[in-house]
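This briefing is meant to be read beside the sequence and the coordinates. Please keep both in view while going through the points below.

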Amino acid sequence: VRLAEQPLQISRIRSWEVGEVLELPPGTGRTLDLVVDGRPIATGTPVTVDGRLGVRVTATGGLAERIALVESQR
C-alpha cells in the first residue's frame with residue numbers, strides 16, 4: 001500500500017532512530033494506492049479494524065488488468 005510519496009535524502013534516512021516520526025503531506029490518509037510491482041491496481045481508504053490499520057478497497061482496475069498483473073507475477 002502506498003500511503004504517500006515524498007523525496008528523501010539518504011542522509012536523512014540514515015539518521016533515523018527508533019520512534020522517528022516522518023511528517024506526511026496534508027490530506028495524506030484520505031486515499032491509499034494499492035500497488036503491485038510498482039503498478040497501482042486499486043485505491044482504498046484507511047480503516048481501523050480491532051485496533052489495527054486496514055484498507056477498505058474503494059475502486060479497482062478492470063478485471064483484465066488485474067488478471068494480467070497476477071499472471072505477470074508468476
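Val-35 stands opposite Pro-40 in S2, and this pair belongs to an open sheet of 3 strands in the order S1-S2-S3 with antiparallel pairing. The model is a predicted one, in which local features need pLDDT of at least 70 and side-chain atom pairs count only at pLDDT 80 or more, while totals for chains, interfaces and linings use all residues. Residues are numbered from 1 along each chain as its sequence is written, and side-chain values use heavy atoms, with hydrogens and water left out.

**Terms for the secondary structure**

- Helices (H or I, at least four residues) and strands (E, at least two) are DSSP runs numbered from the N terminus, and two strands are taken to pair if DSSP finds at least two bridges between them.

- Strands of a sheet pair through backbone hydrogen bonds, in either a parallel or an antiparallel sense.
- The antiparallel pairing of S1 with S2 runs over 5 bridges, and that of S2 with S3 runs over 8 bridges.

- Most residues other than glycine have a negative phi.
- Asp-37 counts as exposed because its relative accessibility is 60%, and Asp-50 counts as exposed because its value is 78%; buried means under 20% relative accessible area, exposed over 50%, and partly exposed in between (1.4 Å probe, protein chains only).

**Ile-41 in strand S2**

- Ile-41 lies in S2, which spans residues 39–49, and counts as partly exposed because its relative accessibility is 26%.
- Ile-41 and Glu-65 are 24 residues apart in sequence, and their C-alpha atoms are 8.0 Å apart in space.

**Nonpolar surface patch**

- Leu-3, Ile-10, Ile-13, Trp-16, Leu-22 and Leu-24 make a nonpolar surface patch of about 500 Å²; patches consist of residues with over 30% relative accessible area and no salt bridge, like charges being joined within 9 Å and nonpolar side chains (Val, Leu, Ile, Met, Phe, Trp, Tyr) within 5 Å.
- A salt bridge here is a side-chain nitrogen of Lys or Arg within 4 Å of a carboxyl oxygen of Asp or Glu.
- Ile-10, one of the patch residues, is placed in helix H1 (residues 10–14) and counts as exposed because its relative accessibility is 56%.

Note on methods: Accessible areas come from the Shrake-Rupley method with a 1.4 Å probe; for residues, only the protein chains shown count as cover.
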